[in-house]
Amino acid sequence: MIKNKIAFRNRIWAGIAGICLVAGGFFIGLGINARLNWKDDPMVRDILARERQDPHEEEQNQMLLEAMQNVTIEQTVHFKEADAKGEIRIANTPKSPLCMTVILFNDQDGSRLYESGMIDPGYYIESVYLEKRLEPGVYPCTVLFQFYEPDGDRFAGETAEKIIVIIEK
């Protein structure tokens, strides 16, 4: 009887030791796997990305920031009727180093209401017709400014701004 209890207790201890060995091997395997895949670590990826960064990127970012500061648009655009012109007053000031296009989106349904052609520095658009007929009301909208380099029309970046479109009749 005592031998059976000791044998039973030894089996339990052996089972616990086996479980610990399996669990330990599993966690050690995870550690080895993590060391083998060190490039998947977000901090390492960020450092590697900075090392591969384009040397002209800082200059391009500065140019983009300057272009963003030299854009103006009316914050509230009134349309007497849905089919009439509205004074939007989009301007790309002469100080801007980049050309731009402008796309106006309706925030309620995501539809495009207007898209400009290329606007060079020093030029502006006074008024526009909407591409989609809207019922009378107030519409929150997003204006997407897309910037391009003047030589070659290479995309430089984009920014967005919120405005209100009001259709009176």
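V71 stands opposite N92 in strand β3 of this predicted model, where strands are DSSP runs of E with at least two residues and helices are runs of H or I with at least four, both numbered from the N terminus. Residues are numbered from 1 along each chain as its sequence is written. In this predicted model, local features need pLDDT of at least 70 and side-chain atom pairs count only at pLDDT 80 or more, while totals for chains, interfaces and linings use all residues; side-chain values use heavy atoms, without hydrogens and water.

**Strand β3 and its partners**
- Strand β1 (residues 71–72) and β3 run antiparallel and are joined by two bridges; strands pair if DSSP finds at least two bridges between them.
- Five bridges link β3 to strand β6 (residues 123–128), again in antiparallel fashion.
- A91 has Y124 in β6 as its bridge partner.
- Strand β3 (residues 86–92) is largely enclosed by the rest of the structure because five of its seven residues are buried.
- Buried means under 20% relative accessible area, exposed over 50%, and partly exposed in between (1.4 Å probe, protein chains only).

**Helix α1**
- I12 lies in helix α1 (residues 2–36).
- I12 counts as partly exposed because its relative accessibility is 38%.

**The whole protein**
- The protein holds three helices and eight strands.
- From the N terminus, the order of elements is α-α-α-β-β-β-β-β-β-β-β.
- Of its 169 residues, 28% count as buried.
- Among contacts (heavy atoms within 4.5 Å) between residues at least 6 apart in sequence, 60% join residues at least 24 apart.
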